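Morning, everyone. I have one model to walk through, and I'll keep it brisk. Please have a look at the screen.

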Amino acid sequence: MTYSGVVKPVNKIVAGGSPLTQELKVETATNMYPGRLVKRGTNDDDMVVNTAGGPALGWLGYEQTNPVFMPTDVDTIYAQNDMAAILYGGSFLIVGRLASGQNVTKGTRLVAAANGELSAATSLVIDSGATPVTSGAANGAIVSGSIPDEGLVVAIAQQSVDATSAAADIVVLSLI
């Protein structure tokens with residue numbers, strides 16, 4: 001199928017490019033669908049579904065997973081203790097999941113949302129007030145750290161998708 005000039009693969013999640021892969025154990029099966037963002041579980045060899053703003057390791061793979069553990073199709077969840085591929089390294093196209101309530105156009109920068117899904121990144125806002133800031137030493141840091149509140153941008157939408165009423169698949173360019 002072609003969506004906005006991008007071909008969505010049939011029963012695969014990589015639409016182009018060659019991601020790096022590693023195999024990790026599914027610690028908790030909740031929302032562990034192919035194409036969802038995943039993060040480190042309890043141990044370095046475990047993974048769980050990523051959270052909003054969370055530090056994603058990569059994307060839960062499908063066609064790269066050993067057939068013994070591969071779900072029936074891309075819409076079927078992995079089971080606890082399955083050994084599954086995670087995809088990372090950036091510069092590849094993948095079918096991710098846009099969170100319900102989102103409506104994005106091609107080129108929109110995306111951040112991690114709950115359940116391993118994606119949402120549109122928003123602009124940085126510096127709160128204003130009546131008290132002038134004279135220095136960080138006098139008033140504390142206004143902005144600190146290197147990771148914004150919503151987390152890092154993890155992908156760029158490669159198609160326009162309206163998920164205002166329900167989460168929907170979206171082809172994205174992975175940046176992680």
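Ground rules. This is a predicted model, so local features need pLDDT of at least 70, side-chain atom pairs count only at pLDDT 80 or more, and totals for chains, interfaces and linings use all residues. Residues are numbered from 1 along each chain as its sequence is written, and side-chain values use heavy atoms, with hydrogens and water left out.

Salt bridges. A salt bridge here is a side-chain nitrogen of Lys or Arg within 4 Å of a carboxyl oxygen of Asp or Glu. The structure has five of them.

One is Lys8 with Asp169, at 3.0 Å from N to O. Lys8 sits in the loop between β2 (6-7) and β3 (14-16), and Asp169 sits in strand β15 (residues 168-174), so this pair ties together parts 161 residues apart in sequence. On naming: strands (E, at least two residues) are DSSP runs, numbered from the N terminus. Asp169 is partly exposed, at 27% relative accessibility. The cut-offs: buried is under 20% relative accessible area, exposed is over 50%, and partly exposed is in between, with a 1.4 Å probe and protein chains only.

Next, Asp46 with Lys25, at 3.4 Å, N to O. Asp46 belongs to strand β6 (residues 46-49) and Lys25 to strand β4 (residues 20-26), so this pair links parts that are 21 residues apart in sequence. Is Asp46 buried or exposed? Buried, at 2% relative accessibility.

Then Asp44 with Arg40, at 2.6 Å, N to O. Asp44 is exposed, with 61% relative accessibility. Arg40 is partly exposed, at 43%. There is a network too: salt bridges that share partners join Lys8, Arg97 and Asp169.

β15 is mostly covered, with five of its seven residues buried. Which strands pair with it, in the antiparallel sense? Strand β9 (residues 93-98) does, over six bridges. Strand β13 (residues 153-157) does too, over three bridges. Pairing needs at least two DSSP bridges between the strands. Arg97 stands opposite Asp169 in β15. Ala157 has Val172 of β15 as its bridge partner.

On to the second largest pocket. Its volume is about 290 Å³. It has 17 lining residues, and the closest to its centre are Lys8, Val74, Asp75, Val95 and Asp169. A pocket is an open set of points on a 1 Å grid over the protein atoms alone, where a 1.4 Å probe fits, with protein on both sides within 12 Å along at least five of seven lines; lining residues have an atom within 4 Å of a point. Grid points are joined across faces, edges and corners, and the volume is the space filled by probe spheres set on the points. β9 gives the largest share of the lining, three residues.

Last, the backbone. Asn31 has a positive phi of about 60°, although it is not a glycine. Asn31 lies in the loop between β4 and β5 (37-40), and is partly exposed at 22%. Asn115 has a phi near 65°, also positive. Asn115 is in the loop between β11 (109-112) and β12 (118-120). At 35% relative accessibility, Asn115 is partly exposed.

That's the tour.

Notes. Helix = DSSP H or I, 4+ residues; strand = E, 2+ residues; numbered from the N terminus.
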